[in-house]
Amino acid sequence: MDLKLVGERIRRERERAGLSQRDLAARAHLSQSTLTRIENGARASVTLAELDRLAVALDVPVRLLVSGNPVRSRVRIAARANDVVNEEREAALRHTLEVLELDARLDRLGPAAAHQRKPDGFLSVPDERLPREQQARELAQQVRTALKLGSAPIADVDELIEQLTGVDTAVLRLPKTTDGFTATDPERETTLIAVRACDVPERQRFSFAHELGHLLWNDGAQVHELDDGRTPGERRCDAFARHLLAPEEGIKTWLAAEKLSENSRINERTVALLARHFRVSFIVILIQLEAMMLITERRKKELRGPTGAQLAQRYGWGPAYKQEQAAAEAVRAPRRILERAVEAYRQNIIGVRALAMLEGRSPEEAEARLREAGILPSPPNPQRANLSRLVARGMAKD
């Protein structure tokens, strides 16, 4: 074993669990000075018993401390980020990986709900020689047709993604510079689309739709890497999200019903009501109206500016918008993974900290909610430590 690497993994897992050296040392029945030397790689040897106690205290398999996690090395992550700061980007990557790592650990539960549902068929992407706007419009229409949505507003974009593609979706606490991630574990054929918990629900919905575009076009990680400007792939997915969430036919239908199809009648209130109807931002509707030649570029510039919160107060849905903001700020774990994690907790395979990470709660709050639901872990297996040692010994011999 490379004890320096082992020490680094222990430190990383301790920090991820939110434990101080003193806390972990107490839980693992070690002195703090001993743990410090282990984490620094300064010990000449580390016993299997010490590794086992540390693994139990950290609620991770011994093999993760001994050999590392293969999920980290194989997962491909594409990030939709603006003004990327390396430290913040790494924090977002780490949180996304935590979810996929937990899903891989849960494979010991067996085949039930272990893997993502694969759709029967998949959509064909439009000819890439077509103008970008036309590609985006055609692919958005294919999605709406496949799900029989017509031109109606979409209620839940994350559920739409899961229904269409079978991939997992989540809302996570990500840095403000990061709007969303698409992460794929090619070995397990698992993909996670995660967007940032924020107080702008329409932005969150747009991020989900944008990431769906990248998934359908199979753009890969490189198209998301943003430096000083947006790549063509980013702009194409922006257009796709706009057409998916606020289709031109839907806008025409709404305007006709309100008898507001004339250019002179399209004012701030009209645009605000349209944005509210389709649950998109004010600027998304302005861009669509300009593309449909219902307003001029000059008129678009005159109207742009107010936020969703400001418009909600001006035109009568302020309280409802406040509720939507609260919902958008909440962490939403991938339903499939959360279901597996709850069952693993019930079987005493994982501890409450793993569930707390998924739900964005403190361990105490997560445990209280589980108890209220009548979900309690089964009595611990007294042979757990011995089994962990056997695993460690087997790996040490390889």
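In the predicted model, Pro201, Glu202 and Gln204 of helix α10 meet Tyr321, Glu324, Gln325 and Ala328 of helix α17. By class, three nonpolar, two polar and two charged residues make up this contact of α10 with α17. Helix α10 covers residues 201-217 and helix α17 covers residues 318-329. Their axes come within 9 Å and cross at roughly 50°, which makes α10 oblique to α17.

Helix α13 spans residues 268-278, helix α14 spans residues 282-291, and the two axes come within 9 Å of each other. The crossing angle is roughly 110°; because angles of 65 to 115 degrees count as roughly perpendicular, α13 and α14 are therefore assigned to that class. On the α13 side, the contact is made by Glu268, Val271, Ala272, Leu274, Ala275 and Phe278. Helix α14 contributes Phe282, Ile285, Leu286 and Leu289. The residues of this contact of α13 with α14 divide into nine nonpolar and one charged, with no polar residue.

The cysteines were also examined. With a disulfide taken as a pair of cysteine sulfur atoms within 2.5 Å, the count comes to zero disulfides. Cys198 has a relative accessibility of 7% and therefore counts as buried, the cut-off for that class being under 20%. Cys237, at 0% relative accessibility, likewise counts as buried.

Methods:
Residues numbered from 1 in each chain as written. Predicted model: local features only at pLDDT ≥ 70, side-chain atom pairs only at ≥ 80, totals over all residues. Heavy atoms only, no water. Axes fitted to C-alpha atoms, helices over the stretch in contact; angles between N-to-C directions. Helix = DSSP H or I, 4+ residues; strand = E, 2+ residues; numbered from the N terminus. Parallel < 35°, antiparallel > 145°, perpendicular 65-115°, else oblique. Contact = heavy atoms within 4.5 Å. Nonpolar A, V, L, I, M, F, W, Y, C, P; charged D, E, K, R; others polar. Buried < 20%, exposed > 50% of the residue type's maximum accessible area, 1.4 Å probe, protein only.
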